[in-house]
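Thanks for coming. Let me put the chain on the screen and walk you through it.

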Amino acid sequence: MARPRLRAALEVAPALLGRDGERHYLVGFLNPAEARGLGGHMGNFAELTVLDGHISLGRFGRADGLNRRGPDPDGRVVTGPAEFLARWGRFGYRQTDGTTDVMPWSNISMPPDLPMVATVAAELYPQSGGTRIDGVVTLLPE
């Protein structure tokens, strides 16, 4: 069973590593001292840029610092996924006026579904002063 997975990984690896142009990834450093669905609270972040296999570190810092960054921190909007908003919207992602509250990054790792969290992070990160991202990676110490 591992061979089809390995083959699939080898097929997408060049694109992930910037063969077809610059790629941007958000890395969330999770801390298991405060439980969340993904395994821990996202305490820190880093932005990686990849082009032709070369990886460089961009912005990095405390994740809670993203809460008040961006052109309009009080006007940020998360539009989906619908399941995320239905289950987790009350934790800072959907106020009555449709905007996020002032601390959406504090609970970003609450759902146990990384693809769902990555979708929300990709929408939220540019609104928090970051660049457009192509993917999300989380790291959890063990």
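First, a term we need: a salt bridge is a side-chain nitrogen of Lys or Arg within 4 Å of a carboxyl oxygen of Asp or Glu. Now the ground rules. This is a predicted model, where local features need pLDDT of at least 70, side-chain atom pairs count only at pLDDT 80 or more, and totals for chains, interfaces and linings use all residues. Residues are numbered from 1 along each chain as its sequence is written, and side-chain values use heavy atoms, with hydrogens and water left out.

Back to the pairs. Six salt bridges are present in the structure. Take Asp134 and Arg132. Their side chains meet in a salt bridge, at 2.3 Å from N to O. Asp134 has another partner, Arg23, with 4.0 Å from N to O. Helices here are DSSP runs of H or I with at least four residues, strands are runs of E with at least two, and both are numbered from the N terminus.

How open are these residues? For that I use relative accessible area: buried is under 20%, exposed is over 50%, and partly exposed is in between, with a 1.4 Å probe and protein chains only. Asp134 is partly exposed at 28%. Arg23 is partly exposed at 24%. Arg132 is partly exposed too, at 48%. Shared partners join Arg23, Arg132 and Asp134 into one salt-bridge network.

One more pair. Arg19 and Asp20 form a salt bridge, with the closest N and O atoms 3.2 Å apart. Buried or exposed, for Asp20? Asp20 is exposed, at 60% relative accessible area. Arg19 is exposed as well, at 53%. As a general point, side chains of opposite charge can pair when their charged atoms come close.

Now the fold. The chain has three helices and four strands. From the N terminus on, the order is α-β-β-β-α-α-β. The radius of gyration is 16 Å, close to the 14 Å from the globule rule for 142 residues, so the chain is as compact as a globular protein of that length. That radius is taken over C-alpha atoms, and the rule is 2.2 Å times the number of residues to the power 0.38. Along the principal axes, the C-alpha atoms fill a box of roughly 45 × 35 × 30 Å.

Of the 142 residues, 38% are buried. The accessible surface comes to about 8,000 Å², and 58% of it belongs to carbon and sulfur atoms. Those areas come from the Shrake-Rupley method with a 1.4 Å probe; for residues, only the protein chains shown count as cover. Next, contacts, meaning heavy atoms within 4.5 Å. Among contacts with a separation of 6 or more, 56% are between residues 24 or more positions apart.

His41 is in strand β2. It counts as buried, at 18% relative accessibility. Beyond neighbours within four places in sequence, His41 contacts residues including Phe29, Leu30, Ser106 and Ser109. Met110 lies in the loop between α2 and α3. Met110 is also buried, at 18%. Which residues does Met110 touch, not counting those up to four places away in sequence? They are Arg36, Gly37, Leu38, Trp88 and Phe91. By contrast, the C-alpha atoms of Met110 and Ala15 are separated by 29 Å, at 95 residues apart along the chain.

Last, backbone geometry. Gly80 and Pro81 are joined by a cis peptide bond, with omega about 0°. Pro81 is in the loop between β3 (54-62) and α2 (82-88). Then there is Asp52. Its phi is near 50°, a positive value in a residue other than glycine. Asp52 belongs to the loop between β2 (41-51) and β3. Asp52 is exposed, at 53% relative accessible area. That's it from me.
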